[in-house]
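Here is a colleague's note to read with the structure open beside it. Please take the points in order and look up each named part as you go.

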2 protein chains.
Amino acid sequence: MRDLAILSRGAMLVRHGRIQAVGSRAEIETLVSPQTRLVDAGGRVVLPGFVDAHTHPVFAGTRADEYELRAQGATYAEIAARGGGIRSTVRRTRAATEDELMDSARRYRQWFLRGGTTTVEAKSGYGLSLEAECKILRAIHRLGQEGSVRYVPTFLGAHEVPDEFRGRMDDYIALLIREMLPRVAREHLAEYCDVFCEPSVFPAAQARVILAAAKSLGFGLRLHADQFTPDEGALLAAELGADTADHLEATGPAGLEALRAAGVQPVLLPASVYNLGSPRYPAARQMIDAGLPVVLATDFNPGSSPTTSMPLVLSLASTQMKMTPAEAVTAATINAAHSLRQGHEIGSLEPGKFADFAIHDAADYRDLAYFFGRDTARAVYIGGVPAYQAE
Amino acid sequence: MRDLAILSRGAMLVRHGRIQAVGSRAEIETLVSPQTRLVDAGGRVVLPGFVDAHTHPVFAGTRADEYELRAQGATYAEIAARGGGIRSTVRRTRAATEDELMDSARRYRQWFLRGGTTTVEAKSGYGLSLEAECKILRAIHRLGQEGSVRYVPTFLGAHEVPDEFRGRMDDYIALLIREMLPRVAREHLAEYCDVFCEPSVFPAAQARVILAAAKSLGFGLRLHADQFTPDEGALLAAELGADTADHLEATGPAGLEALRAAGVQPVLLPASVYNLGSPRYPAARQMIDAGLPVVLATDFNPGSSPTTSMPLVLSLASTQMKMTPAEAVTAATINAAHSLRQGHEIGSLEPGKFADFAIHDAADYRDLAYFFGRDTARAVYIGGVPAYQAE
């Protein structure tokens, strides 16, 4: 993860949306034709577009009011117990039209671009009914079709038990398995299925039933695992052969060993740890030292992590989790691409892959984490097409 | 600090660089003439420009290499002991020309604008010789004269003991008092004098001598106080009637009470705490509850805090120090302006003050901290003149 294969004074030839050649400027100049359009990065760092492998980018409203309550000392759990948290966003998202959801999601898409992100794993989970979940997944598809960022859709119907099923979790799980999952599969609305596995949300026994049903329908599996409570989630992810186990703030040695043995990728979300004011970051150093192919993502969502910034996640990785800047870049690009089964298409600048890249306001790749708290991208290209240009 | 006097659907009339009237849109529309140029904020939040009351924005090179070492486990103190830290930036800054320093400082000035900052307190302190300190202070003056951000210069010759005076601190203090301070005063190169007061840098006894000399020459006083060690710095700031005591991560009840009794403003720098990976934030809540007019600043510098982002500082204030979003805005605007003796000119949008303001990509002022890790300003005006416009 520390070997970035950096090319100084490099160049890249792009054709039909894909990278045709990468090399020294002199090498690439021998390949250009009079029709080739030249883009001068001006000595700046060019990186593969960030692959943000865990986000919740389609929702209505904000939760700035709860943010203010937390600044006054309320905890995330207290706010959720009062009907706030995920359930308050569900109420507003159900009431919104698909077009209204598109409008806010397009604004956030622009923010993703400013941070140099070109692919976003996008979860549903603020609908929690057949129609509202499908509305969100359709919005995710439309966002992707508009072309300026790639979206990978994940069905997260098991994000929370909705208000009308309070105390009847099994009935909601029956709805998930009998109606929602088959419909999402039939209409090809999602590639992955995710469950918020946590004793206070969906305990492992219940999560297992949902994920097993999803797996039998052909979904890849991702889990919200061990955010607050150790090991149940990581062990379940390993047992089911999930592609990823995400969060892992509470995971202990047994959980880590299970992930390693089963080949499950850890997706770490330090921005939500930071934003909740928690001191407990996941054990990134131990995971990397154990050979786990760690992924970094924003967890963009209106509650625990309202940030779209992969550069800030790189900063959090280095300052709070002691990952080197190189490890953080690997985790945010090629490792993340593999976690979405797209390592052959995106995540690095290699011949044959999509020409998804960003020109950053930086002379050294380490400056993205080092000069923290800013939008670093000056220009972003997706499939060789300009998607963003700064002032 | 929680009362922001928010105007919904408000408007503002600007003339000759100053605010002439603030009120409802209907009220202001009765005052416009056919020659008035209209700027539509489009329903976005308009805030006074941030006043960043503690920065070190003129230096050569970066310290991304030390950043990488810290990510691998080295401490700030270990790096300094090996000749890194402030002294490595001093070596490079001495070798740079004034124009080279201007070039990098202009880049950072653009970053300040993207975060909505319009006034920057700017310290010297990477020269540590008569000529190199004057070179930095002249650069700060030129930056201010260019007009797109206001700079308030502070002389920080006592930032560190330079290499050639190692083991001879008293000789360096003699140079500071006999040559550097009188020259800076005579040429009007700085309004304030600051000293890094810390047992391992300039202990209180030595800091007192320097600051007393500065005070007798008419400088206002600011102190780096109690960053690592309790109360010496805060007590000295109180004793000397300094305008501010900055950092205060280690200050205890005795130090806080001394600041309160003496009317010294605390300047809190949570971005450096974050970036050094320390869990010890200053006791903002206790200070505010004790009635202290707290200020927030970035501490922008190439070592401990390479960020220019006041929006990120607002986020740190709310998530790590439990300040409300309103308290954080007050600390970053009007309280900061008063700490620079400019509360009558800047820091709020009131008739008679300079028209220094930013239009932010936000529908609610709380969104600046809530949607964290991005450049929030869409347009910035200084003295009524456009200084920045986003894509």
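**Notes on domains, chains and contacts**

1. The two domains of chain A touch each other through 23 residues of domain 1 of chain A and 21 residues of domain 2 of chain A. Please keep in mind throughout that this is a predicted model. The domain assignment gives domain 1 of chain A as 10–47 + 349–389, and domain 2 of chain A as 49–59 + 90–339, so each of the two is written as two stretches of the chain, as is the practice when bounds are taken from a domain assignment. The C-alpha centres of domain 1 of chain A and domain 2 of chain A lie 29 Å apart.

2. Four residue pairs are in polar contact between domain 1 of chain A and domain 2 of chain A, counting pairs with both residues at pLDDT 80 or more.

3. Which elements of chain A each supply at least two residues of the side of domain 1 of chain A that touches domain 2 of chain A? They are β12 (357–360), α16 (367–370), β13 (377–382) and β14 (385–389) of chain A, and the largest share, four residues, comes from β13(A). Sorted by class, that side of domain 1 of chain A has 14 nonpolar, four polar and five charged residues.

4. Turning to the pair of chains, chain A can be laid on chain B with an RMSD of 0.0 Å, by a turn of 180 degrees and a shift of 0.0 Å along the axis. That is the relation of a two-fold axis. Within chain A, the C-alpha nearest the axis belongs to Glu391(A), and it lies 2.1 Å from the axis. The same surface serves both copies, in that 100% of the contact residues of chain A recur in chain B.

5. How many residues of chain A are in contact with chain B? There are 52 residues of chain A in contact with 52 residues of chain B, and the two chains bury about 4,600 Å² between them, with 53% of it on carbon and sulfur atoms. On the side of chain A, the residues that lose the most area to chain B are Tyr274(A), Tyr370(A) and Phe372(A), which together account for 18% of what that side buries.

6. Across the interface of chain A and chain B the rule finds six salt bridges. The side chains of Asp361(A) and Arg114(B) meet in a salt bridge, at 3.9 Å from N to O. The rule also finds 29 residue pairs in polar contact across the interface of chain A and chain B, with both residues at pLDDT 80 or more. Two or more residues of the side of chain A that touches chain B come from each of α2 (64–71), α5 (98–114), α11 (270–275), α13 (310–320), α16 and β14 of chain A. The residues of that side divide into 22 nonpolar, 15 polar and 15 charged.

7. Over all chains the structure holds 64 salt bridges. In chain A, the side chains of Arg18(A) and Glu345(A) meet in a salt bridge, at 2.6 Å from N to O. Arg18(A) lies in strand β2 (residues 18–24) of chain A and Glu345(A) in the loop between α15 (334–339) and β12 of chain A, so this pair ties together parts that are 327 residues apart in sequence.

8. Finally, please look at Asp103(A), which lies in helix α5 of chain A. A polar contact of 3.2 Å joins the side chains of Asp103(A) and Arg106(A). Asp103(A) and Tyr172(A), by contrast, are 69 residues apart in sequence and 30 Å apart in space, C-alpha to C-alpha.

Key. Residues are numbered from 1 along each chain as its sequence is written. Chains are lettered from A and ligands numbered from 1 in the order in which they are written. This is a predicted model: local features need pLDDT of at least 70, side-chain atom pairs count only at pLDDT 80 or more; totals for chains, interfaces and linings use all residues. Side-chain values use heavy atoms; hydrogens and water are left out. Contact means heavy atoms within 4.5 Å. A polar contact is a pair of N or O atoms within 3.5 Å; within protein, one must be able to donate a hydrogen and the other to accept it, and residues adjacent in sequence count only if both atoms are side-chain atoms. Ala, Val, Leu, Ile, Met, Phe, Trp, Tyr, Cys and Pro count as nonpolar, Asp, Glu, Lys and Arg as charged, and the others, Gly among them, as polar. Copies are superposed by least squares on the C-alpha atoms of residues with pLDDT of at least 70 in both. Buried area is the accessible area (1.4 Å probe) that two parts lose on being put together, summed over both. A salt bridge is a side-chain nitrogen of Lys or Arg within 4 Å of a carboxyl oxygen of Asp or Glu.
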